[in-house]
Amino acid sequence: RESDHRAWTPVTYTVTRQNATIQGLIEGKAYFFRIAAENIIGMGPFTETTKEILIRDPITVPDRPEDLEVKAVTKNSVTLTWNPPKYNGGSDITMYVLESRLIGKDKFHKVTKEKMLDRKFTVEGLKEGDTYEFRVSACNIVGQGKPSFCTKPITCKDEIAPPTLDLDFRDKLIVRVGEAFSLTGRYSGKPAPKVTWLKDDIVVKEDDRIKIKTTPSTLCLGIVKSVREDTGKYCVTVENSTGSRKGFCQVNVVDRPSPPVGPVIFDEVFKDHMVVSWKPPLDDGGSEITNYIIEKKDTHKDLWMPVTSATVKTTCKIPKLLEGREYQIRIYAENLYGISDPLISDEMKAKDRFRVPDAPEQPIIKDVTKDSAVVVWNKPYDGGKPITNYIVEKKETMATRWVKATKDPIFPGTKFKVPDLLEGCQYEFRVSAENEIGVGDPSPPSKPIFARDPIAKPSPPVNPEAVDKTKNSVDLSWQPPRHDGNGKIIGYLVEYQKVGDEEWKQANLTADSCPETNYKVTGLTEGLTYKFRVKAVNAAGESDPAHIPDPVEVKDRLEPPELILDANMAREQHVKAGDTLRLSAVIKGVPFPKVTWKKEDHEVSPKADIEVTGVGSKLEIRNTVHEDGGMYSLTVENPAGSKTVSVKVVVLDKPGPPRNLNVSDVRSDSCYLTWMEPEDDGGSVITNYVVERKDVASAQWVAISSSSKKRSHMAKYLMEGTQYLFRVAAENQYGRGPYVETLKPIKAIDPLHPPGPPKNLHHVDVDKTEVSLVWNRPDRDGGAEITGYLVEYQEDGADEWTKFQTVPMLDCVVTGL
């Protein structure tokens with residue numbers, strides 16, 4: 001029964017067990033229960049509950065929470081979510097307790113704050129690289145229930161997921177001007193990607209019309225009231241540390257075209273029709289021009305008449321005009337989205353207007369050679385009649401008269417090769433156009449050109465080498481380039497580089513400062529090593545460089561002296577007396593040698609001029625005389641050695657006087673002269689001797705021989721008894737030398753001989769101390785009267801004869817014996 005009722009209500013009639021389940025009770029009401037046992041005899045007394053029982057479910061701790069899941073993991077945090085328990089224990093959940101355990105440890109630690117009812121929690125402050133597991137329990141008024149099942153072990157590290165991109169738009173989007181459009185999509189990725197919008201590779205920025213909205217999972221670019229400038233290729237980039245994804249959309253904001261571009265050009269004007277042209281609109285509205293609408297209007301009327309509305313060309317023939325009337329033309333452009341504003345022309349009168357062609361623009365000259373040039377021009381306005389011929393004229397720049405380049409017609413090409421130019425001359429050219437009306441004005445003259453083959457850069461110099469060096473300079477030499485590029489070589493540029501450096505320095509700043517094929521590079525540092533290179537330069541520019549093969553160390557070079565003899569230093573040098581003696585030689589050696597001239601090992605004559613230059617030496621003696629001849633020597637000496645050369649100098653002159661003039665075999669009408677050759681023949685062969693005589697009483701010498709080559713002569717035709725002087729001189733090709741004379745006069749008489757021996761010598765008386773001798777005359781007196789007799793005696797047994805005296809007579813007494 002209910003506690004506030006008195007009536008009992010039976011629950012069951014037959015219960016054989018000792019328990020029963022009472023159903024149909026009302027929750028929240030209090031009840032009393034009673035039980036009686038019954039057998040076949042009948043029912044026994046009831047036993048009643050002692051106190052009322054309030055009907056409600058029994059209260060226990062909650063069940064374990066369900067579906068504990070890890071939603072996000074970073075290097076120092078873990079985010080978890082879970083669902084409530086299936087049964088709360090009969091009482092509302094008052095809070096959840098989340099616990100964690102470091103793998104390897106035994107105990108779980110509480111990580112949630114007090115009274116947490118949210119079913120999502122981010123555990124922070126974790127250590128990167130550590131591994132944890134988590135569990136959660138629910139609490140009610142009774143207490144804390146069982147924990148949930150543990151998560152799998154979770155290692156703290158940044159979760160990585162490459163971006164994904166799911167777009168709601170297609171590759172192309174066409175929007176009318178003024179309409180709005182938006183580009184939307186969804187994306188994901190870990191860590192959270194960065195979203196960037198680009199238009200034609202430029203970052204899109206928000207303004208009054210452009211809005212960008214990005215949530216953690218959606219993206220959107222919206223544009224209201226679109227304009228033509230919004231046309232472009234849009235790109236959205238979703239990017240995180242693992243990669244990026246891109247989406248593209250070509251947005252074309254379309255509109256009607258802008259007007260065609262003027263002015264309207266009247267290409268042809270006739271009395272009954274015109275041909276006009278124009279340029280397409282600057283903006284086709286984002287859609288191809290489908291056609292142009294052309295209308296005409298007589299300026300005397302207000303009515304526009306259609307010409308055509310079905311042309312895509314930018315030119316049109318306007319037919320059916322009235323001669324003499326003025327017309328205006330207007331043109332519309334049309335695309336799929338509308339018709340543009342019109343382009344209106346100037347007024348134009350319908351009438352024929354043929355004339356000679358206009359003057360072409362200034363022609364251009366190409367491909368110039370030494371005898372030809374190509375003239376190129378643009379076609380001018382033809383004056384309404386087709387051009388039938390071009391006339392090309394040429395003239396030398398300084399001349400006044402233009403000459404046709406050819407008599408043949410030039411058409412339809414707009415270039416012509418002019419032949420027969422004179423090499424080196426400067427020319428100008430001009431062009432006129434001709435139609436059936438006549439010849440138009442000539443073009444302005446071309447720029448002047450010289451008729452010469454085109455100049456190219458030269459090839460590099462050939463065989464550059466270092467030929468000399470000192471402690472601060474290097475002498476370079478090379479040969480000209482094989483090809484000068486058809487242009488005169490202006491000069492050469494010499495560059496040097498210290499070994500180890502990258503920069504080349506210029507030894508000379510301009511090519512014309514080195515026109516020859518050699519150059520001395522100065523200002524170098526002693527002991528350093530340098531590289532050198534040379535470029536050839538013409539009007540077209542610099543050649544490629546030619547490099548000296550090996551680096552050069554800058555220091556004084558030591559070379560022994562070297563003598564290169566000139567022709568006047570042959571083994572023997574002949575010079576004519578009175579002329580100038582020159583001896584010279586080229587001298588080499590590093591350092592430059594000391595130069596010494598000597599003659600016969602003595603100093604040379606003070607009258608000799610000696611000159612020493614950096615390349616050689618010269619000795620010069622003016623007005624040479626015979627004494628200047630001799631052996632000359634030239635000695636050159638430096639620390640590396642010495643060298644000497646000698647030359648015998650012969651001064652060619654008249655010979656000296658003959659020697660040892662002797663007269664013999666004197667007769668009454670002749671005598672015999674002999675002599676010896678001169679000591680000095682003057683350096684030339686004696687050609688002949690000149691023999692002369694002179695009567696001592698006369699002042700005049702008389703030649704008796706002038707062609708004798710012998711060194712003797714028989715002087716004939718003398719006058720007996722006359723005393724003569726004789727003299728002889730030698731001659732060579734350079735003249736007659738001095739005479740040698742006899743020392744004393746020679747008398748022309750026959751020669752005297754000693755007389756014969758006296759005859760019949762005998763004594764006529766003898767004493768103890770003296771002897772008287774007599775004798776007869778000799779048979780011959782020797783050609784002269786006997787002047788006396790010489791008497792000599794000899795002691796018997798002795799060797800010597802003793803002179804006694806000379807007596808005039810034929811007898812003599814020898815005394816003192």
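Val-142 sits in the loop that connects β10 (131-139) to β11 (154-155). The model is predicted. In this model Val-142 is partly exposed, at a relative accessible area of 44%. Val-142 also belongs to a nonpolar surface patch, together with Ile-59, Val-61 and Ile-141. The accessible area of the four residues together is about 340 Å².

The domain record comes next. An unreviewed UniProt entry places "domain: Fibronectin type-III" at residues 1-58, 64-159, 259-353, 359-454, 460-557, 657-751 and 757-817. Two of these spans were examined for secondary structure. Residues 259-353 are 53% strand and 0% helix. The C-alpha atoms at the ends of this span are 29 Å apart. Residues 359-454 are 39% strand, again with 0% helix. Here the end C-alpha atoms are separated by 30 Å.

The unreviewed entry in UniProt also lists "domain: Ig-like", at residues 163-252 and 561-646. Residues 163-252 are 64% strand and 0% helix, and their end C-alpha atoms lie 28 Å apart. Residues 561-646 are 62% strand and 0% helix. For that span, the distance between the end C-alpha atoms is 16 Å.

The largest pocket holds about 1,000 Å³ of space. Its lining comprises 30 residues, of which Pro-10, Val-11, Thr-12, Arg-34 and Ile-35 are the closest to the centre. Two strands, β2 (34-38) and β3 (43-48), are the elements that give two or more residues to this lining. The most comes from β2, which supplies five residues.

Salt bridges number 30 in the structure. One of them joins the side chains of Lys-29 and Glu-2, with an N to O distance of 3.9 Å. Both residues lie in the segment before β1 (30-31), and the pair ties together parts that are 27 residues apart in sequence. Lys-29 is partly exposed, with a relative accessible area of 31%. Glu-2 has 17% relative accessibility and therefore counts as buried, the cut-off being under 20%.

Another salt bridge pairs Glu-295 with Arg-330, at 2.5 Å from N to O. This pair links distant parts of the chain. Glu-295 lies in strand β23 (residues 291-298), while Arg-330 lies in strand β26 (residues 326-335).

Arg-582 counts as partly exposed, because its 44% falls between the 20% and 50% limits.

Salt bridges also occur as a network. Its members are Glu-495, Arg-533, Lys-535 and Glu-542.

Definitions and conventions: Residues are numbered from 1 along each chain as its sequence is written. This is a predicted model: local features need pLDDT of at least 70, side-chain atom pairs count only at pLDDT 80 or more; totals for chains, interfaces and linings use all residues. Side-chain values use heavy atoms; hydrogens and water are left out. UniProt positions are given in the numbering used here, feature names are shortened, and annotations may be inferred rather than shown by experiment. Helices (H or I, at least four residues) and strands (E, at least two) are DSSP runs, numbered from the N terminus. Patches are made of residues with over 30% relative accessible area and no salt bridge: like charges are joined within 9 Å, nonpolar side chains (Val, Leu, Ile, Met, Phe, Trp, Tyr) within 5 Å. Accessible areas come from the Shrake-Rupley method with a 1.4 Å probe; for residues, only the protein chains shown count as cover. Buried means under 20% relative accessible area, exposed over 50%, partly exposed in between (1.4 Å probe, protein chains only). On a 1 Å grid over the protein atoms alone, a cavity is a set of points where a 1.4 Å probe fits but cannot get out, and a pocket is an open set with protein on both sides within 12 Å along at least five of seven lines; lining residues have an atom within 4 Å of a point. Grid points are joined across faces, edges and corners, and a volume is the space filled by probe spheres set on the points.
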